[in-house]
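Try each task yourself before you read the solution.

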Amino acid sequence: MANTAKKTIIGPDLPNIPWENRPKGCADAAWRSKRNPIIPRDLIPTSNSIFNSAVVPFKGEFRGVFRCDDRCRNMQLHSGRSRDGIKWEIDEQRIRFQCDDPEIARWGYGYDPRVCWIEDRYWVTWCNCYHGPTIGIAYTHDFETYHQIENAYLPFNRNGVLFPRKIGGKYVMLSRPSDNGHTPFGDIFLSQSPDMIHWGCHRFVMGRKGGWQSTKIGAGPIPIETTEGWLMIYHGVLTSCNGFVYSFGAALLDIEQPWKVLYRTAPYIMSPWETYECVGDTPNVVFPCAALTDAATGRIAIYYGGADTVVGLAFAQVDELIEFVKANSEL
């Protein structure tokens, strides 16, 4: 099993990846940490909630950018650090981006970040306020200083998720064009850029389907490169009689033309079941934003927001997850 897994993930080993073995009797494609929620809503004195956050390996430890809504209910981004990926320290003050253009630098709000290592730096994308929600972009080398560049798109857009390397010589990003409100629609698109500034060559990736993904869908963590294709974990939303319900599934995308979907899960991988996912500021939400991977073992650790209030952690084996996607695919 270990040798098969090693052939599956294309990427570095991460021997200190947070991990818990599958619970006895569990047959699900992914399973929750018994320590959930790993980050409570009040980890820092100013926070109303901490959720939908991004985590990456950093010099033998872990760093991240965290959505921390404060007690005025402003949506803010904060830096955080951890030795083991479980116990976190988060800065009490929000990130102050350095930016050469005062118009772009004007801060309104920021939420649902992703972090992606490409070549020589960590790129941060988030839902940024510029006359409505769009995709902000910044980079950092040390998670202390952040350099903000141009927004990727016109408003309105959300869920900007970079691929971890250039494809065909271009940076590639997934996103979900939307509207200015609590969007009751949305499909996943892909855009390309030669320089992380100018985005074009837009391609449709996939749209809504029935059931748990019937209202809107959006990319989640940074796609995972495997020998079977790009493994994209994504969220889907249905509209119930009691409001939105956020679950997540997965798809496999073509390696060289990632707007082409090879397989896509018909059933969800995880849906709100636990109290911390069903009860909170926004009930009935599991929202994946980050995934750590270890190529040597095929382990995946998925960080997700619970009920727009806390951060949870789930686990999967890449070979098992890919097998589940293939066996339960409906394009």
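**Exercise 1.** How much space lies in the largest pocket?

Before we start: this is a predicted model, where local features need pLDDT of at least 70, side-chain atom pairs count only at pLDDT 80 or more, and totals for chains, interfaces and linings use all residues. Residues are numbered from 1 along each chain as its sequence is written, and side-chain values use heavy atoms, with hydrogens and water left out.

*Step 1.* On a 1 Å grid over the protein atoms alone, where a 1.4 Å probe fits, a pocket is an open set of points with protein on both sides within 12 Å along at least five of seven lines. Its volume is the space filled by probe spheres set on the points, which are joined across faces, edges and corners. Here that comes to about 610 Å³.

*Step 2.* Now the lining (residues with an atom within 4 Å of a point). There are 24 such residues, and P12, P57, W117, P164 and T293 sit closest to the centre.

*Step 3.* Sort them: 19 are nonpolar, 2 polar and 3 charged. (Asp, Glu, Lys and Arg count as charged; Ala, Val, Leu, Ile, Met, Phe, Trp, Tyr, Cys and Pro as nonpolar; the others, Gly among them, as polar.)

*Step 4.* Strands are DSSP runs of E, at least two residues, numbered from the N terminus. Strand 19 gives the most to this lining, with 5 residues.

**Exercise 2.** Which strand gives the most to the lining of the second largest pocket?

*Step 1.* This pocket holds about 470 Å³, and R67, Y111, R158, H182 and Y246 lie nearest its centre.

*Step 2.* Strand 6 and strand 10 (157–162) each supply at least two lining residues. Strand 6 gives the most, with 3.

Technical notes: Helices (H or I, at least four residues) and strands (E, at least two) are DSSP runs, numbered from the N terminus.
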